[in-house]
Amino acid sequence: MQIIPRLQSDLPRLTALRHDIHAHPELAFEERRTADVAAKWLADAGIEVHRGLAGTGVVGVLRAGTSGRAIGLRADMDALPIHEQNIFPHHSRHDGKMHACGHDGHTAMLLAAAEQLARTRNFDGTVYFIFQPAEEGEGGARAMIEEGLFTRFPMEAVFGMHNWPGLPVGQFAVHAGPVMAGTDQFDIVMRGHGAHAAMPHQGFDPVLAGAALVQAVQSIVSRNIDPTDAAVVSVTRFHAGEAYNVIPPEATLGGTVRTFRPEVQDKVEAALERLSAGIAAAHGMQASLAYRRGYPPTINSVREAELCKSIAAGIVGTENVRTDLPPSMGAEDFAYMLREKPGCYLWIGNGPGEGGCTLHNPRYDFNDALLPIGASYWVRLTEQLLSPA
Ligand SMILES: [Zn+2]
Ligand SMILES: [Zn+2]
């Protein structure tokens with residue numbers, strides 16, 4: 001493995017940094033201490049620091065040479081509302097909060113790379129180190145963009161990385177196209193007419209109509225979506241009624257939609273509208289649909305994915321860069337950055353995922369062996385994309 005020697009010999013120091021962040025997890029948009037740690041580390045390395053973008057966001061700016069070219073490298077900083085069950089010394093000091101997705105490791109890897117690049121400056125152009133708040137559900141990436149990330153710090157491409165339990169340490173996985181799903185939510189209200197349960201002919205029963213709709217919704221993926229496209233439509237909520245002898249006036253249904261292409265997302269939304277209105281009409285009532293778009297699909301640009309594949313291969317060997325893994329149905333707000341800029345978000349193996357070491361599990365922990373591997377990837381990516389002419 002071609003890990004940068006200085007990063008490997010720095011492992012104890014980098015591990016201490018990661019453990020400190022792990023022990024002090026902060027939820028979305030509350031990452032004040034984490035942002036302080038990142039800003040201080042960058043400043044100590046002689047890197048220009050900008051704070052306050054999307055509240056707790058931090059951007060480090062490092063220039064070398066004379067080129068006007070620029071790229072962005074992004075790490076997420078937030079933790080999850082999970083009570084940690086690990087008992088190792090660096091366990092969470094904050095009850096009910098935990099770095100269960102490895103954003104502590106992502107932050108540490110990017111800080112390590114920033115420091116190394118500031119030491120060597122073996123590139124020509126500008127690299128922006130983006131530490132974003134609120135990846136977990138709150139869209140911190142979108143907030144940073146809305147507050148001018150790409151206008152204040154113009155860059156030609158942007159790159160992200162996520163640790164991946166189940167993928168061995170020393171491997172990367174790259175997708176030339178969709179890598180994470182888009183995630184939407186919907187609520188449907190079926191408005192019938194309440195009645196005595198013993199006299200159903202005097203009302204219009206929204207429970208029966210809702211049950212028909214739950215079944216009909218499963219025809220969307222099987223009958224409306226191209227079989228070579230992936231999509232999930234799950235009804236996960238169904239609320240109606242209080243009593244045993246009352247047909248309630250309305251029923252509410254809710255659920256989630258996952259897709260990899262905006263066109264498929266549009267089709268699912270249209271089909272949900274058609275089915276809820278049609279099934280309601282068939283049962284003598286009306287329906288209303290509220291469809292809320294969440295994170296868009298995370299889609300790598302082909303050229304950047306190819307570049308990242310070769311850079312990762314330069315560190316771990318071609319045989320350790322997987323390109324055959326299916327994309328994940330999970331979602332990721334780096335998608336907003338990839339909607340604006342070309343770029344690539346890849347997975348770095350976190351190890352076997354045994355004993356609950358899986359994402360969002362109370363026994364998860366970021367694998368410190370990745371720190372010099374991931375940081376080496378960031379350094380080589382910068383050096384190769386901004387290679388001196
Ligand atoms: Zn997560
Ligand atoms: Zn995550």
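1. Cys101 and His103 are both buried. Here buried means under 20% relative accessible area, exposed means over 50%, and partly exposed lies in between, with a 1.4 Å probe and protein chains only as cover. This is a predicted model: local features need pLDDT of at least 70, side-chain atom pairs count only at pLDDT 80 or more, and totals for chains, interfaces and linings use all residues. Residues are numbered from 1 along each chain as its sequence is written, chains are lettered from A and ligands numbered from 1 in the order in which they are written, and side-chain values use heavy atoms, with hydrogens and water left out.

2. Both residues belong to a metal site. Cys101 (SG), His103 (NE2) and His162 (NE2) coordinate the zinc ion (ligand 2) at 2.1 to 2.3 Å. Along the chain, these donors follow the spacing C-x1-H-x58-H. Donors are N, O and S atoms within 2.8 Å of the metal (3.2 Å for Na, K and Ca); water is not among the atoms, so sites may look incomplete.

3. Cys101 bridges the zinc ion (ligand 2) and the zinc ion (ligand 1). The two ions lie 3.2 Å apart.

4. Now the overall fold. The chain has 11 helices and 16 strands. Both are DSSP runs numbered from the N terminus: helices are H or I with at least four residues, strands are E with at least two. The C-alpha atoms fill a box of roughly 80 × 45 × 40 Å, taken along the principal axes. Of the 389 residues in the chain, 54% are buried.

5. Among contacts with a separation of 6 or more, 81% are between residues 24 or more positions apart. Contact means heavy atoms within 4.5 Å. The accessible surface of the chain comes to about 16100 Å². Carbon and sulfur atoms account for 52% of that surface. Areas come from the Shrake-Rupley method with a 1.4 Å probe; for residues, only the protein chains shown count as cover. The chain carries 32 positive and 43 negative charges, with mean positions 3 Å apart. Lys and Arg count as positive and Asp and Glu as negative, while His and the chain ends are not counted. Each charge is placed at NZ of Lys, CZ of Arg, CG of Asp or CD of Glu.

6. One sheet is open and has 8 strands, in the order β1-β2-β4-β3-β5-β16-β6-β15, with mixed pairing. β1 (48-53) and β15 (321-322) are at the edges, each with a single partner strand, so one side of each has no neighbour in the sheet. Two strands pair if DSSP finds at least two bridges between them.

7. Two pairings from this sheet show both senses. β1 and β2 (residues 57-64) are antiparallel over 5 bridges, and Val49 has Gly60 as its bridge partner in β2. Their hairpin has 3 residues between the strands, and Ala54 takes a positive phi near 60° there. In contrast, β3 (residues 70-76) and β5 (residues 157-164) run parallel, joined by 3 bridges. Ile71 stands opposite Ala157 in β5.

8. Strand β8 (residues 182-191) is mostly covered, with 7 of its 10 residues buried. It runs antiparallel to β12 (residues 250-259) through 10 bridges. In that pairing, Met190 has Ala251 as its partner. β8 also runs antiparallel to β13 (residues 286-293), here through 8 bridges. Asp187 stands opposite Ala290 in β13.

9. Check two backbone angles. Most residues other than glycine have a negative phi. Arg121 has a positive phi, near 45°. Arg121 sits in the loop between α4 (103-120) and β4 (125-132), and is partly exposed at 37% relative accessibility. His360 also has a positive phi, about 70°, although it is not a glycine. His360 lies in the loop between β16 (343-349) and α11 (370-385). Its relative accessibility is 37%, which counts as partly exposed.

10. Ser310 is in helix α9 (residues 302-316) and is partly exposed, at 44% relative accessible area. Glu263 lies in helix α8 (residues 262-282) and is partly exposed at 47%. The C-alpha atoms of Glu263 and Gly46, 217 residues apart along the chain, are separated by 45 Å.
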